[in-house]
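Visitor: Please show me the sequence and the model, and then take my questions one at a time.

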Amino acid sequence: MTEFLAEIDWSPLWISLKTGFIATVIAFFLGIFCARKVMKLSVTARGVLDGLLTMPLVLPPTVAGFCLLLLFSLKRPLGSFLFENFDIKIVQTWKGCVIAAAVIAFPLMYRNARAAFEQVDVNFLYAGQTLGMSDREIFWKVIIPSAAPGIASGTVLAFARAMGEYGATSMLAGNILGKTRTVSVAIAAETAAGNYGTAGFWTVVIVLISFVIVALINIISGKGMKGRRWL
């Protein structure tokens, strides 16, 4: 076992953790921003925009990856613009891993944040207005603290989704050892190569990480349910 662990290339784990963290930060701020803006729209506009923002959650990841590939390809306007003006290449790079993971994880953060905002007691908002607080102050000092458990759950779920992302990542970033090979991509690659021992090892790793994340979500959610036990 010691020899097996010594031969393991740990880069997929570090790439996955780094990708998951950066993608979650992006999804966190974008999710909260979009959830706040959507809440202010009319019912019709809210339904349309909500559908667009939720699309990556219901689409097959490979479809999302294909769309991202078309968007950031060097043969496309945006991809060529970024490369020629800022020397930024997305396809077949670690940046592609982050973008793919952030796009797939975003809907989880957005929907959890929106659901948490909808559950905030409006009387708190009226109280803030009565005290002369601005909309910005009410949002950060009243709404965010009240919606904290839901936001925290959304953040953890977004991280878990970003960590386990495969379809869009493989389409946009590819499978480059030491650069874009995440744990999920490594499992597929090692299985295809017949290295079931290595694939099994990474499977165990991702299962353990997923279990810890689910347990963390349950703990966070449980803090808001104290005293509400069924007899």
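## Questions about the model

Visitor: Is D87 buried, partly exposed or exposed?
Guide: The relative accessible area of D87 is 60%. Buried means under 20%, exposed over 50% and partly exposed in between, using a 1.4 Å probe and protein chains only. The value for D87 is therefore in the class exposed.

Visitor: What kind of model is this, and which atoms do side-chain values use?
Guide: This is a predicted model, in which local features need pLDDT of at least 70, side-chain atom pairs count only at pLDDT 80 or more, and totals for chains, interfaces and linings use all residues.

Visitor: Where is D87 found, and what is its phi?
Guide: D87 is in the loop between α5 (77-86) and α6. Helices (H or I, at least four residues) and strands (E, at least two) are DSSP runs, numbered from the N terminus. Most residues other than glycine have a negative phi. D87 is not glycine, yet its phi is positive, near 55 degrees.

Visitor: Where is Q92, and what is its phi?
Guide: Q92 also has its place in the loop between α5 and α6. Its relative accessible area is 37%, so it counts as partly exposed. Q92 is a residue other than glycine with a positive phi, near 60 degrees.

Visitor: How far apart are the end C-alpha atoms of helix α6?
Guide: Helix α6 covers residues 94-118, which is 25 residues. The expected span is 1.5 Å times one less than the number of residues, so α6 should span 36 Å. The model agrees, with its end C-alpha atoms separated by 36 Å.

Visitor: Where does α6 bend, and which proline follows?
Guide: The bend at a residue is the angle between axes fitted to the seven residues ending there and the seven starting there. For α6 this angle is about 35 degrees at A105. Within four residues of A105 comes the proline P107.

Visitor: Which residue forms a salt bridge with R114?
Guide: Side chains of opposite charge can pair when their charged atoms come close. A salt bridge is a side-chain nitrogen of Lys or Arg within 4 Å of a carboxyl oxygen of Asp or Glu. The closest N and O atoms are 3.0 Å apart, and both residues lie in α6, four residues apart, about one turn of the helix. R114 is buried at 14%, and its partner is E118.

Visitor: Which residues are joined into one salt-bridge network?
Guide: The structure holds five salt bridges. Some of them share partners and form one network, made up of D50, R111, R114 and E118.

Visitor: Which residue pairs with E165 in a salt bridge?
Guide: E165 is buried, with a relative accessibility of 1%. The closest N and O atoms are 3.3 Å apart, and the partner is R161.

Visitor: How many aromatic pairs are there?
Guide: Rings of Phe, Tyr and Trp (its six-membered ring) pair if their centres lie within 6.5 Å; planes under 30 degrees apart count as stacked, over 60 as edge-to-face and the rest as tilted. Counted by this rule, the aromatic pairs come to eight.

Visitor: Which residue forms an aromatic pair with W10?
Guide: The pair is edge-to-face, at 5.9 Å centre to centre and 80 degrees between the planes. W10 is in the loop between α1 and α2, and its partner is 192 residues away in helix α12 (residues 196-223).

Visitor: Which residues form one aromatic cluster?
Guide: F201 and W202 are another edge-to-face pair, 5.1 Å centre to centre with 65 degrees between the planes. F201 is buried, at 14%. The cluster consists of W10, F201 and W202.

Visitor: Over the face of which ring does K18 lie?
Guide: A charge sits over a ring if NZ of Lys or CZ of Arg is within 6 Å of the ring centre and within 35 degrees of the ring normal. K18 is at 4.6 Å from the ring centre, and the ring is that of W94.

Visitor: Which residues of α8 are buried?
Guide: Helix α8 runs over residues 135-146. Among the elements in contact with its buried residues (heavy atoms within 4.5 Å) are α2 (11-39), α6, α7 (122-130) and α9 (148-164). The buried residues are I138, F139, V142, I143 and I144.

Terms used:
Residues numbered from 1 in each chain as written. Heavy atoms only, no water.
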